[in-house]
Amino acid sequence: MAKLVLLSAGMTGRTHELNVEKTTIGRLEDNTFQIAEPSVSSHHCEVLVHGPEVVVKDLNSTNGTFIGGEKITEKVLKPGDVLRLGQIEMRLENGAPTAAAPAPATTATSKKTDPALSITRGVTLNELEKGGTSVFPGATTGFSKKEDKVSRIFLVGGIVIGVIILGLLIYVFAIAS
């Protein structure tokens with residue numbers, strides 16, 4: 001049975017078996033294989049199994065879909081090939097032993113992790129808001145949080161109204177005395 005094995009730091013060893021004809025991969029929960037990481041698009045790509053052939057099709061993702069470092073729109077994925085979605089790397093395995101590609105290390109003190117381990121912990125909202133750590137030199141660390149201009153306008157407006165009310169109270173008490 002063909003399966004995708006995640007290689008990226010923090011997700012090393014997490015797998016997904018390709019046991020249906022069409023598998024969607026993306027950040028949102030409605031995907032068949034959810035990868036909650038900021039550099040992965042909501043609906044990043046789909047993996048189509050046609051007999052012995054596995055085809056990857058990009059779904060107009062923001063950060064691109066790559067096989068072996070080559071940006072693709074649609075391409076056959078072979079056992080041992082490394083598929084990269086944004087900053088997340090995974091390898092296609094077909095159940096037979098393949099030459100293990102080392103997981104990218106983020107620091108010199110990174111721990112070696114057994115690729116057979118399955119990571120069950122998800123990603124917290126705070127981790128998503130902070131953005132991920134880049135495993136690619138020169139790459140950004142995900143998406144930045146948008147500035148909320150409406151809240152800023154209400155805050156400034158509230159402060160101005162508060163100062164006006166305080167001034168009127170001081171004026172009224174000064175006249176009354």
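Q: Which residue of β9 is the bridge partner of Val-56, and what makes β6 and β9 paired strands?
A: The bridge partner of Val-56 in β9 is Lys-75. Strand β6 (residues 53-58) and β9 are joined in the antiparallel sense by four bridges, and because two strands pair if DSSP finds at least two bridges between them, these four bridges meet the requirement. This is a predicted model, in which local features need pLDDT of at least 70, side-chain atom pairs count only at pLDDT 80 or more, and totals for chains, interfaces and linings use all residues.

Q: Why are β4 and β9 said to stand at the edges of their sheet?
A: The sheet is open and has five strands in the order β4-β3-β5-β6-β9, with mixed pairing. Strands β4 (33-34) and β9 (74-77) each have a single partner strand, so one side of each lacks a neighbour in the sheet.

Q: What makes the elements of the chain helices or strands, and how many of each are there?
A: Both are runs assigned by DSSP and numbered from the N terminus, a helix being H or I over at least four residues and a strand being E over at least two. By that rule the protein chain holds two helices and eleven strands, and its elements run β-β-β-β-β-β-β-β-β-β-β-α-α from the N terminus on.

Q: Why is Lys-75 said to form a salt bridge with Glu-70?
A: A salt bridge requires a side-chain nitrogen of Lys or Arg within 4 Å of a carboxyl oxygen of Asp or Glu, and the N to O distance between Lys-75 and Glu-70 is 3.0 Å, so the pair qualifies. In general, side chains of opposite charge can pair when their charged atoms come close.

Q: How do you know that Lys-22 and Glu-46 meet the same cut-off, and where in the chain do they lie?
A: The closest N and O atoms of Lys-22 and Glu-46 are 3.6 Å apart, which falls inside the salt-bridge limit, so this pair counts as well. The pair links distant parts of the chain, with Lys-22 in strand β3 (residues 22-26) and Glu-46 in strand β5, 24 residues apart.

Q: Which class do Glu-93 and Arg-91 fall into, and what makes them a salt bridge?
A: Glu-93 has a relative accessible area of 16% and is therefore buried, and Arg-91, at 4%, also counts as buried. Their side chains meet at 2.8 Å, N to O, and this distance makes them a salt bridge.

Q: Is His-44 called buried or exposed, and what does its side chain meet?
A: His-44, which lies in the loop between β4 and β5 (45-50), has a relative accessible area of 0% and is therefore buried. Its side chain lies 3.4 Å from that of Thr-65 in a polar contact, a term for a pair of N or O atoms within 3.5 Å in which, within protein, one must be able to donate a hydrogen and the other to accept it, residues adjacent in sequence counting only if both atoms are side-chain atoms. Contact in the wider sense means heavy atoms within 4.5 Å, and leaving aside residues up to four places away in sequence, His-44 touches residues including Ile-25, Asp-58, Leu-85 and Gly-86.

Q: How do you know that β7 and β10 pair, and which residue stands opposite Thr-65?
A: Strand β7 (residues 65-67) and strand β10 (residues 82-85) share three bridges in the antiparallel sense, and Thr-65 stands opposite Leu-85 in β10. Four bridges also join β10 to the antiparallel strand β11 (residues 88-93), and in the hairpin of β10 and β11, which has two residues between the strands, Gly-86 takes a positive phi near 60°.

Key: Residues numbered from 1 in each chain as written. Heavy atoms only, no water. Buried < 20%, exposed > 50% of the residue type's maximum accessible area, 1.4 Å probe, protein only.
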